[in-house]
Amino acid sequence: MEKFIYIALFAPLVGSLIAALFSTQSKMVFTGWFTSFMLAVSMYASLNLLYYVYTEDISLHIVLFDWIVIGNLDIPFGFVVDHVSVVMMSVVTVVSTMVHIHSIGYMEHDKGFNRYFSYLSAFVFSMLVLVMSDNFAVLFIGWEGVGVCSWLLIGFWYHKESATWAANEAFIMNRIGDLGLLLGMFLIYWNIGSLQYDIVFAQFSTLETSTLIWIGALLFLGAMGKSAQFPLHTWLADAMEGPTPVSALIHAATMVTAGVYLVVRSNELYSLIPEVGYAIACLGAFVAIFAASMALVNNDMKRIIAYSTLSQLGYMFVAAGLGAYWIALFHLATHAFFKSVLFLGAGNVMHAMHDELDIRKMGGLHKEMKATSYIMIIASLALAGIFPLAGFFSKDKILEAAFYSDATVLWAILWITAGLTAFYSFRLVMKIFFGKANYSEELHPHEAKSFVIAAMIPLAILAVIAGWFEHSFVEFVTKILPTWETTNLEHSTAWKLILVTSAIVIFGIAVAVFKYKRDGFSKSWEDTFIYKLLSNQYYIPKIYEVCITKPYYAISVWVWKVIEIKFIDASIDGLAHFVNKMGVRFRPIQSGNLSSSLRLMTFGLILGLVFALVLSVL
Amino acid sequence: MTLNAYLILSTVLFSIGLIGVIRRKNVLMLFFSTEIMLNAVNVGLAAISKFHGDLTGQMFAFFIIAVAASEVAIGLGLLILWYKRTGSINLDDIAGMKG
Amino acid sequence: MFEIIAFIIFSILTIGMFSIVVLTNNSLYALSALASGMIFISGFFFLLNADFLGAVQIVVYTGAVMSLYAFGMMFFDSLSEVKEKINNPRLVFLLSGVIALIVVVVLIAPIIGKNIKAEFPVHPEYGNTVDVGLVLFTKYLLPFELAALMLLVAMVGGIVLAGKKMNESYSEMKEEEIDEKIRLEESSTKDVK
């Protein structure tokens, strides 16, 4: 059985390396199909492992090699396949395989075709390392790996200034989070002496609460960076500069969920510090409504979906913060499916509209792109949370969790956000596919190739049916994660909640459909203060630029001009000048004249004799 | 005579040779001064050999003589070549190693 | 008593001769003074019961080396005196004086070990030459052979360095050819003049 672990882990790496061999050459379709095949192999292995762990109910551990063994520090390069990680593995590999196949169609005209697939597979490999690790150090390797690969992929079209800027922004914000993660890891090691999950989690209860709070807060800081929680959220919207399948993979299903995974994995820590959990939940709720509000007015297709991701991440953190870890994991899985297929559909639309992103310039594409349209409608329904699609089950559970924990304010925020989510998802769908066609006539949008649609279909199906496995999912995952029952809630209350949620969701959809069937909202809305605030993302990027970027830049310039040039360079140059001058001063010694050399020789002889005399006297 | 006397004599001769080596600009004279230094050392070695009753000093002196002879041969040969090429045996003109 | 007087005479003479070598401007004087200095050094050797060494000194040094120098001097234009221009004559004497002083101090101080065991003790009954021969050809055989090799190399080197064109061998040419050659050389040198 262990061979499946190796296959699942290293098949993407093999694909990436082989694709890397051709990275400087022009497009070879072979790389696309080969990497997709490798990922399919990995997917097969992961699903095999899922089946195995599900039926046998045991976790598999392997240790590749002893990585760091210094003194008391013993960090093996080990992997564990337990219930949580196998769920993550399955989600990651399924979505990755579909995204790879979709990318073959999406990137068909791109010059960096081979390089793209190499990066994409490398990303999947890092994500698998992250998910399968059995200690914090290997998790951190995967963490950094996905950060690097996401930088490579966001800045894939590196000659575009905006792309490189977005890539740097993503990486730097991730780095800020990584600092927190590292500090958390250091604290763990300092207090417990090991970084292995089993050892660490067993001993958490022995530490005092203040240490635990610090560790929890620092680890969550890392999660904030990776999962783009406020205030480290601006990179996610800007990361849309990368190719759309990248957004589908990274910013819907995998990298941004790494933060949630970290919190879920460390559930034994967060169960001990419920205050930090509650703070996480509050932040998550805030982000949910914050992002949803920004998605309401945005006109960039991918940004709307990005804000939607941000919002759903907030949902997941609410669930994790309130202690309902399996619910967070469940929502993670379902969200991965419908969000990635939304992005892939957006990719099809972009391809058809020749990389047009503004939804005001689309409309009426339903006639030409039936398959994509239907898939995106299904995905949006799942996102909104309509019964019986996947989002309904997972989102509802989160709302139940909020209500049950007496966090009624959180519940209210999430409830409103559910309505907003429904509204903006269908605003997107209506503006793209229905209504008046606003694009120029020469564009002739056409549907994507059939294999591309074929790649999207499994994800769409999963978006539909994933919710139906809730019970088996709960049983499976709560063998490791703490259970969270809603049995305390009376049945009637639970039903009332479901009705209320569905009501606002249907209301949101209805408003969107009615309004955008005609012309949408009137233009006068665009002059209001609220509209300006939302469309400029609450001016937060501007605040960051003014308060953080510019001063930091000024400080850097000052440091460069004064310290670097005047001190450091001057001192090193001075040293070199000094040596040079010494050499120039001493050059006359080498006059080539034997007499002077002999004179120097006798002088040296005198010195030697004096030295010997002094030494013998002493 | 005591050993010290011989050794002092050897030192004096050595320093005379040293003066010559430093002072002389005529390369041939330089060689003469080198001979003086070698002979001074020979005297010292022979004196030590006698006063300790050991033959090692004399053997050393013997080999020094042999080496000095061959050195003279080669040195003169080189000097002749140099003279043929440049026509001067002034030490100040041999400055090819000027750095 | 006799020894002390001999030592003093010889030392005065040696120091005087070597000083002439070092200080004079006339190279001929220097050469002669050096030769005589060598002889007086050999006197020291005889005083120190190193008979063989003294004889070798006379034969090799005074005989061979000095005549080598004399031949060498024939090549150079010894009438033109090399201008001995020294920037700082006092420095010279100062350096040497200091060295002499230090070494004397070193030697006078009782640093010399008292318990030196002689490796090759002198056998006064044999006579010095026999003694030297015994040691030279047994213990010092390898250096001896190497010295011989070195002398051979030096000789070959000296010949190569100082010799004229050695492409042609006079002994293999006939009389007429040799005469022809000499006539050609003379005419060419006459042209140059």
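Predicted model: local features only at pLDDT ≥ 70, side-chain atom pairs only at ≥ 80, totals over all residues.
**Entry: helices 10 and 15 of chain A**

I looked up how two packed helices are described, and the description uses the angle between their axes together with the distance between the axes. The crossing of helix 10 of chain A past helix 15 of chain A is right-handed.

I then listed the residues that meet. Helix 10 of chain A brings Thr244(A), Pro245(A), Ser247(A), Ala248(A), Leu249(A), Ala252(A) and Ala253(A). From helix 15 of chain A, the residues they meet include Ala336(A), Lys339(A), Ser340(A), Phe343(A) and Gly347(A). Sorted by class, this contact between helix 10 and helix 15 of chain A has 10 nonpolar, 4 polar and 1 charged residues.

**Entry: chain A as a whole**

I count 24 helices and 2 strands in the secondary structure of chain A. Chain A has 618 residues, and buried residues make up 49% of them. Of the contacts in chain A with a separation of 6 or more, 82% are between residues 24 or more positions apart.

**Entry: backbone exceptions**

I checked phi and omega next. Most residues other than glycine have a negative phi, and most peptide bonds are trans.

Which kind of peptide bond joins Phe230(A) and Pro231(A)? I find a cis bond there, with omega about 0°. Pro231(A) sits in the loop between helix 8 (209-227) and helix 9 (234-238) of chain A.

Tyr539(A) has a positive phi, near 55°. I place Tyr539(A) in the loop between helix 22 (529-535) and helix 23 (540-586) of chain A. Is Tyr539(A) buried or exposed? Tyr539(A) counts as exposed because it has 12 C-beta neighbours inside 10 Å, and the cut-off for exposed is 12 or fewer.

Asn49(C) also has a positive phi, near 60°. Its place is the loop between helix 2 and helix 3 of chain C. I find 17 C-beta neighbours inside 10 Å for Asn49(C), so Asn49(C) counts as partly exposed.

**Entry: chain C against its neighbours**

I looked up the contact between chains C and B, where 66 residues of chain C touch 56 residues of chain B. Helix 1 (2-23), helix 2 (27-47), helix 3 (51-75), helix 4 (89-108), helix 5 (128-138) and helix 6 (141-162) of chain C each supply at least two residues of the side that touches chain B. Which helix of chain C gives the largest share of that side? Helix 3 of chain C does, with 11 residues. By class, the side of chain C that touches chain B divides into 52 nonpolar, 10 polar and 4 charged residues.

**Entry: annotated stretches of chain B**

I turned to the UniProt record, an unreviewed entry, which annotates residues 6-22, 29-48 and 60-83 of chain B as "transmembrane region". In the model, residues 6-22 of chain B are 100% helix and 0% strand, with the end C-alpha atoms 24 Å apart. Residues 29-48 of chain B are likewise 100% helix and 0% strand, and their end C-alpha atoms are 29 Å apart.

Terms used
Residues numbered from 1 in each chain as written. Chains lettered and ligands numbered in written order. UniProt positions renumbered as here; feature names shortened; annotations may be inferred. Helix = DSSP H or I, 4+ residues; strand = E, 2+ residues; numbered from the N terminus. Buried ≥ 20, exposed ≤ 12 C-beta atoms within 10 Å, placed from the backbone. Contact = placed C-beta atoms within 7 Å. Nonpolar A, V, L, I, M, F, W, Y, C, P; charged D, E, K, R; others polar. Left-handed = near helix turned anticlockwise from the far one by under 90°.
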